[in-house]
Amino acid sequence: MRRVEHIMGLPISLRIDDGDADGGDPAGSASVAADRVFAWLREVDARFSPFIADSEVSRLGRGELESHELSPDLVEVLDLCEEYRVASGGAFQVRLPGRGLDPCAMVKGWAVQRAAELLLAEGVTTFCLNAGGDVVSAGRPWRVGVRHPEQADRLCTVLEITDGAVATSGRYERGDHILDGRTGRPATGLLSLTVVAPSLTEADATATAAFAMGADGIDWAAAREGCEVFAVDAERRVLRTSGFPVAA
């Protein structure tokens, strides 16, 4: 079963190869699980988008909510944001002058990882969930292409993951949209950086934080437990960790 919807400003696709762990109707079980995944992602967008005036994030950003009034989900997201802010020495920031509160850099990976966990809880055993090129998969090896940072019709590598996640941060889709929180200026030391990790929460946040750090972010990301890295720096040099799962 395959389904694609446009949520959080990007296409999110789901492929399920085996949606029934209990021996019933695989197609029916897969459809029900997919319905719940996309309903969850729409709920996240409505609650956490800084571009929706009455979202929980927007209300918090305007000072309309006290800390004790926040949902457990938003508390979890903000705690993760603080964890990565500290770990990256301030390069990863969700509160920047002129932007207000914008946790999107954390929310996407966290929400899609939760969606993957929902699939597993529903008995789905083999799937690939792709959110604008950031992928979480389970059940068998899945091949994932990493787009060339300067040529839209080419790949710079293809990797293979099973029961894990991959995320890429770069400048090719939205320009210099990732800011170095230490300076408030666009991060320009890298063209793209891809992280493979056990969860998409880790992969996406690590890729974003490392990209914001510039060239120093490559070693920082590679040193994080469970992470493998593939990067193209501003001089167009390719660097990767020894365990990065390049497809045969």
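Select V107 to start: this residue is buried, with a relative accessible area of 5%. The model on screen is predicted. V107 belongs to helix α4.

**Stop 1: helix α4**

Select residues 104-121, which make up α4. How far apart are the end C-alpha atoms of α4? They are 25 Å apart, which agrees with the 26 Å that 18 residues should span at 1.5 Å a residue. Next, colour the buried residues of this helix. They are M106, V107, K108, G109, W110, A111, V112, Q113, A115, A116 and L119. Note that K108 and Q113 are among them. Then step past the helix to G123. This glycine follows α4 and has a positive phi, near 90°.

**Stop 2: the aromatic pairs**

Show the rings of F48 and W110. The structure holds four aromatic pairs. In the pair F48 and W110, the ring centres are 5.7 Å apart and the planes stand at 45°, so the pair is tilted. F48 lies in helix α1 (residues 26-48) and W110 in α4, so the contact ties together parts that are 62 residues apart in sequence. Are these two residues buried or exposed? F48 is buried, with a relative accessible area of 2%. W110 also counts as buried, at 2% relative accessibility.

Move on to Y84 and F92. They form a tilted aromatic pair, with 6.1 Å centre to centre and 50° between the planes. Both Y84 and F92 are buried.

Ring pairs link W40, F48 and W110 into a cluster.

**Stop 3**

Select residues 2-7 for β1 and residues 10-18 for β2. The two strands pair in the antiparallel sense, over six bridges. Find R2 and look across to β2. Which residue stands opposite R2? It is R15. Then follow the chain through the turn. β1 and β2 form a hairpin with two residues between them. M8 sits in that turn, with a positive phi of about 60°.

**Stop 3: the second largest pocket**

The volume of the pocket is about 200 Å³. Colour its lining by class: six residues are nonpolar, two are polar and four are charged.

**Stop 4: helix α5**

Select residues 200-213, helix α5. Its 14 residues should span 20 Å at 1.5 Å a residue, and the end C-alpha atoms are 20 Å apart, which agrees. How many of the residues of α5 are buried? 13 of the 14 are, so the helix is largely enclosed by the rest of the structure. Just after α5 comes G214, with a positive phi of about 80°.

**Stop 6**

Most residues other than glycine have a negative phi. Two of the next residues have a positive one.

Start with D163. Look for it in the loop between β8 (155-161) and β9 (164-170). Its phi is positive, about 55°, although D163 is not a glycine. D163 counts as exposed, at 53% relative accessibility; the cut-off for exposed is over 50%.

Next, select R236. It is found in the loop between β13 (228-233) and β14 (238-240). R236 is a residue other than glycine, and its phi is positive, near 70°.

Finish at R99, in the loop between β3 (95-96) and β4 (100-101). Is R99 buried, partly exposed or exposed? At 44% relative accessibility, R99 counts as partly exposed. R99 and T188 are 89 residues apart in sequence and 19 Å apart in space, C-alpha to C-alpha.

Terms used. Residues numbered from 1 in each chain as written. Predicted model: local features only at pLDDT ≥ 70, side-chain atom pairs only at ≥ 80, totals over all residues. Heavy atoms only, no water. Helix = DSSP H or I, 4+ residues; strand = E, 2+ residues; numbered from the N terminus. Buried < 20%, exposed > 50% of the residue type's maximum accessible area, 1.4 Å probe, protein only. Pairing = 2+ DSSP bridges. Expected span 1.5 Å × (residues − 1). 1 Å grid on protein atoms, 1.4 Å probe; cavity = no way out; pocket = protein on both sides within 12 Å on 5 of 7 lines; lining within 4 Å. Points joined across faces, edges and corners; volume = space filled by probe spheres on them. Nonpolar A, V, L, I, M, F, W, Y, C, P; charged D, E, K, R; others polar. Phe/Tyr/Trp six-rings, centres within 6.5 Å; stacked < 30°, edge-to-face > 60°.
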